[in-house]
Amino acid sequence: MKIIECPRDAMQGISEFIPTEQKVRYINQLLKVGFDTLDCGSFVSPKAIPQMRDTGDVIRALDWEQSKSKLLVIVANKRGAEDALKFDAVSFLGYPMSISETFQRRNTNKSIIEALNDLEQIIELTHSAHKQVVTYISMGFGNPYGDPYDVDIVIKFAELLKSIGSDVISLADTVGASTAPQITSLFSEVSSRLGNIEVGVHLHSTPQSSREKIRACFDANCGRIDGALKGFGGCPMAKDELVGNISTEQIIAFLIDQNIQTGINEAELNKALGMTAEIFPNH
């Protein structure tokens, strides 16, 4: 199973600005751990996500060439993609698509149709640069806004994203609405319908339900899962303080319990965990 560590998601909702040099030290330590990918920043409007306004400066200072981990950044429009693609260090551009019209407007200030048009341009640019796009289906497990939702909507949306060239599709539980049985059934259904395209999950959860959700992914033969150390973060646009990211430590512990080789350097992981109190002092 590919473990995607998400310091960007952990940091982005914190109102007090984390100094650039602290971000660099933390992410450089994460680069030593052995994660498949680091979701390390975003090229979006600093008015929307002020914490990520220094992503370019952070990437310039990273020791990425010494790591096996790949770097992913989030973009929300063509301009952000153009900025991100200036960096050789970046392998993946992530784009948040929602099946909830309400949340798409709340998250990117665009309709679903407008966002899809943006995504097509981003995919074309990214492929021209020989890089890949990860498209997140946010509100993929339901939403609190009353927009239409069922499994068929998710499947058709995923098929559309594949048809326009998304390289990876990640089912995102933005507000922590999913249950373990739902994760297993929805992931299995979507991945079987999409064939050879890579499908992953980006789940938000309370700490109490994280392990059962990790098991649900494992039971569905999910090969890609996002997490964040200590379970920090969540979506600031969702305005739900009860849920955060899936704890990466729990993902690793679960896989070890299943006798799965994670490729994680435990000593370097512990060093990164030791830094979290400094990076996230008031979380």
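## Exercises on salt bridges in a predicted model

At 5% relative accessibility, Asp-54 counts as buried, where buried means under 20% relative accessible area, exposed over 50% and partly exposed in between (1.4 Å probe, protein chains only). The model is predicted, so local features need pLDDT of at least 70 and side-chain atom pairs count only at pLDDT 80 or more, while totals for chains, interfaces and linings use all residues. Residues are numbered from 1 along each chain as its sequence is written, and side-chain values use heavy atoms, with hydrogens and water left out.

**Exercise 1.** Find the salt-bridge partner of Asp-54 and state which parts the pair ties together.

*Solution.* A salt bridge is a side-chain nitrogen of Lys or Arg within 4 Å of a carboxyl oxygen of Asp or Glu. The side chain of Asp-54 meets that of Lys-23 at 3.2 Å, N to O. Asp-54 lies in the loop between β2 (37–43) and α3 (55–60) and Lys-23 in helix α2 (residues 20–30), so the pair ties together parts 31 residues apart in sequence; helices (H or I, at least four residues) and strands (E, at least two) are DSSP runs numbered from the N terminus. Lys-23, at 2% relative accessibility, is buried.

**Exercise 2.** Describe the salt bridge between Glu-101 and Arg-105, with the placement of both residues.

*Solution.* The closest N and O atoms of Glu-101 and Arg-105 are 3.5 Å apart. Both residues belong to helix α5 (residues 101–108), where, being four residues apart, they are separated by about one helical turn. Glu-101 is partly exposed at 30% relative accessibility, and Arg-105 is partly exposed with a relative accessible area of 46%.
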